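Dear colleague,

Please find below the structure that I am handing over to you. My notes on what was found in it follow directly after.

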Amino acid sequence: MLDLLTGFVGELRAAGIPVSLSEHLDAAETLRHVPLEDREAIKYTLGASLVKSSTHWPAYETAFEIYFSLRGPGYAIAGDDEDEDGDEAGGSEKDDDGSSLPGKGGRKGKGQGGGGGEGMTPEELADMLYKALLSANSSMIQAVARQAVNRYGGMEAGRPVGGTYYLYRTLRNLDLDKVMDRLVEQARKATGAANEDAAHDPAGPEVTLTPLEERLLRDEYQARIDQLRKEIESEIRRRLVADRGSEALAKSIRKPLPEDIDVMHATKDELVALRKSLAPLSRKLAVRLARKRRHGRKGPLDFRATVRSSLSTGGVPVDPKFRYPRPSKPEIIVIADISGSVASFARFTLHLVHAISSQFSKVRSFVFIDGIDEVTRFFDGVDDPAEAVHRINTEADVVWVDGHSDYGHALTVFWERWGEEINPRSSVLLLGDARNNYHASGSWVIKEIRARARHVYWLNPEPRAYWDSGDSIVGEYANYCDEVVECRTLRQLERFVGELA
Amino acid sequence: MTSNQTEATGVSTGRTEEITSGFPEAGPPRFDSIDAVRTGLAGVDYLADDGISGVVYLADRLAKPVLVEGPAGTGKTELAKSVARLTGSRLIRLQCYEGLDESKALYEWNYKKQLLRIQADSGQSWDELEDDIFSEEFLLTRPLLEAIKSPDPVVLLIDEVDRVELETEALLLEILSEYQVSIPELGTVRAKQIPLVFLTSNNTRELSEALKRRCLYLHIDYPQLERERAIIETRVPGISQALADQVARIVRSIRSLDLKKAPSVSETLDWARTLVVLGVESIDAEQAKDTLHILLKYRSDIDRASKELAGLDTSG
């Protein structure tokens, strides 16, 4: 058990969760007090000493599922010809682990054995899925997940994959959207029928499905479908563990922490997670910066105030007064490329900069693809930057010719229209991958800006290794920038913005 | 007098390091099993899930403080109160705020009394006098020291610990890991019993590693549908099951929207109480819209939610 725990802790560290030695010791101590057969309890209590941040919890959960997965013959990956055996074993296994409803599980096992010569037909499976979702019976949902993976997963032993593909295949075949529609339809009919019953009794209240009720139903079914999805995911994972062992799998399935997700290549789900962690991040950053300001050293002696306060002590300056240092609040000018792949990165940066705009004397933002447009107005009077960022995408006028990045043209136009307004207090941030589609670079603009502004930084969301490859000309711009920073994750972004203010 | 003052305020730097004998005796465990925690808490109207009861049980067994984090209004403070009620211990509460210092959190010398003592009797030699005025008689205990000194079982609640400055956090470290307080003039005060300690945080800033390392971590999120329904039923007297179910489901739907501030459990309870008082049996869209301001505290959120609930947008 201790070996297992050590391996587990190693995996957590590899996933980026900081686990100190004393926390490891606490976890080991935990195992002495918590009954080992209670898997849920182990999960939560181990988590209490190993994970100290709620954003790390999903990564922890994944690792836990892998290292402390349920093992047994039922989870072996069955080949096509052994389909039936797989089903049988699955059925009886259900009895053994008896998770929630042993009685139900037993019946189910028999049902499967009788029903499947070749496993279940798609129709039967669809029917069963539908019933499971309608009744919200968790053991039934589990059984469906198991069957679906058997049927559609097409899992092959020994392949070094993370299981995302299997998940995708299973879900595509189940076609959950259609099931959802069917469920709602059914509910509508049911109330319709109730309505007719009520019609016989004229005093009875009229029952219809109001929009509110429909909405609630929909959410209810959505929750059940999410549960099913999770079941399928863990089912696949369990089989993979049985096939390849914990350590090998952990490596391929490891999820990055939200702050370490590569913004440019984030999946849709990851983007949602990113967006969620952005709000607390910017709040924390603002608090930290404000605190830094307040605790800064005192300024020079304020002679007037000292004399004024000395009057109360008979003209003896007992209590010297100091001027508060004027916080050097830089003026920020953000010029962001919002074409294609770098768009999400630009959005996050704009969001973050504006969320802490109280820390700057002024923030102006410009976005471009091949045309350039000022978007500061979208942030004015809006208390939620996310909303403004959304409006930028729909309303900003950034296309000049063809909607492919043209840094040269965008920069030139910027210089002509707004170049005058750059002053020695402004810091200019340029965001983009500098992939210019072989247009003219317009790097002379950067040089001019550099001459006027206090600082010029370039944030590049691409890994450093890709710089200056293909049509990337970040090196040419770098000649005129104070610094070019690789900024791929929220963590890097936060650090940069923190140092800026 | 001034010299006393500087000595007393210099406490945290001049920590005496004769602390090797370590831990105070751990009392008998308060709870038998995780299930005992859960049923016990349910007995005092606090419905704990697996995570909560597991961590509370562990906190008792390992004698470690619990750091509770989560959105506002999910029952973090309530957990500490309920555990105190369950174990029949005294609840000592330290509300944190910016500017909290050790004279408010740990202890303070009673200068006025010391001064009186010095003036009242000048026959003594200075050494005797010094021993005398730095005795427990002249010590004003503050919540942390009080929790340590109490002979009876105590639950110590350090509320909203994220509000104090990073530097002030260090005050807590000694008490959290060793259950003792070092007072330079007196020596080390060790706990007579190990208090159950809960720290709550709204996560407005990152707490220091040192603090986190000493605690068990518990994140309380919005409850699942079933649990929320059960919470409503236990906490709102006179609510019908159907209404509780409906309330829980509507709240879940609202939380799934992208809002500035999702409705918390306490706001849900307020809403349920309001509906009971209004004599509502079953909520329709109109009533929901009229009472939404209890659930949501931002104009834009209310607009958004009422629009969604009225079904103008069923795509989501």
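**Findings in the two chains**

Chain B contains 15 helices and 9 strands. Please bear in mind throughout that this is a predicted model. Of the 316 residues in chain B, 36% are buried. Among the contacts in chain B with a separation of 6 or more, 77% are between residues 24 or more positions apart.

One strand of chain B deserves a description of its own.

Which strands are joined to β8(B) by bridges? Strand β1 of chain B (residues 66–69) runs parallel to β8(B) and is joined to it by 4 bridges. In this pairing, V68(B) stands opposite T200(B). Strand β5 of chain B (residues 154–159) is likewise parallel to β8(B), with 4 bridges between them. Here L156(B) is the residue opposite V197(B).

Turning to chain A, there are 21 helices and 6 strands. Chain A has 501 residues, of which 36% are buried. Residues 24 or more positions apart make up 71% of its contacts with a separation of 6 or more.

Within chain A, helix α19 spans residues 443–452, and its buried residues are V445(A), I446(A) and I449(A). Viewed down the axis of α19(A), these buried residues fall within an arc of 100°, so they line one face of the helix. The elements of chain A that cover them include the helices α18 (407–418) and α20 (474–478), together with the strands β4 (426–431) and β5 (455–460).

Finally, the two chains touch each other. Chain A and chain B each contribute 32 residues to the contact. On the side of chain B that touches chain A, at least two residues each are supplied by α3 (50–62), α10 (209–214), β9 (216–219), α12 (241–256) and α14 (285–295). The largest share of that side comes from α3(B), with 7 residues. By class, the side of chain B that touches chain A consists of 12 nonpolar, 9 polar and 11 charged residues.

With kind regards

Conventions: Residues are numbered from 1 along each chain as its sequence is written. Chains are lettered from A and ligands numbered from 1 in the order in which they are written. This is a predicted model: local features need pLDDT of at least 70, side-chain atom pairs count only at pLDDT 80 or more; totals for chains, interfaces and linings use all residues. A residue is buried if 20 or more other C-beta atoms lie within 10 Å of its own, exposed if 12 or fewer, and partly exposed in between; C-beta atoms are placed from the backbone. The arc is that of the directions from the helix axis to the C-beta atoms. Two residues are in contact if their C-beta atoms, placed from the backbone, lie within 7 Å. Ala, Val, Leu, Ile, Met, Phe, Trp, Tyr, Cys and Pro count as nonpolar, Asp, Glu, Lys and Arg as charged, and the others, Gly among them, as polar. Two strands pair if DSSP finds at least two bridges between them.
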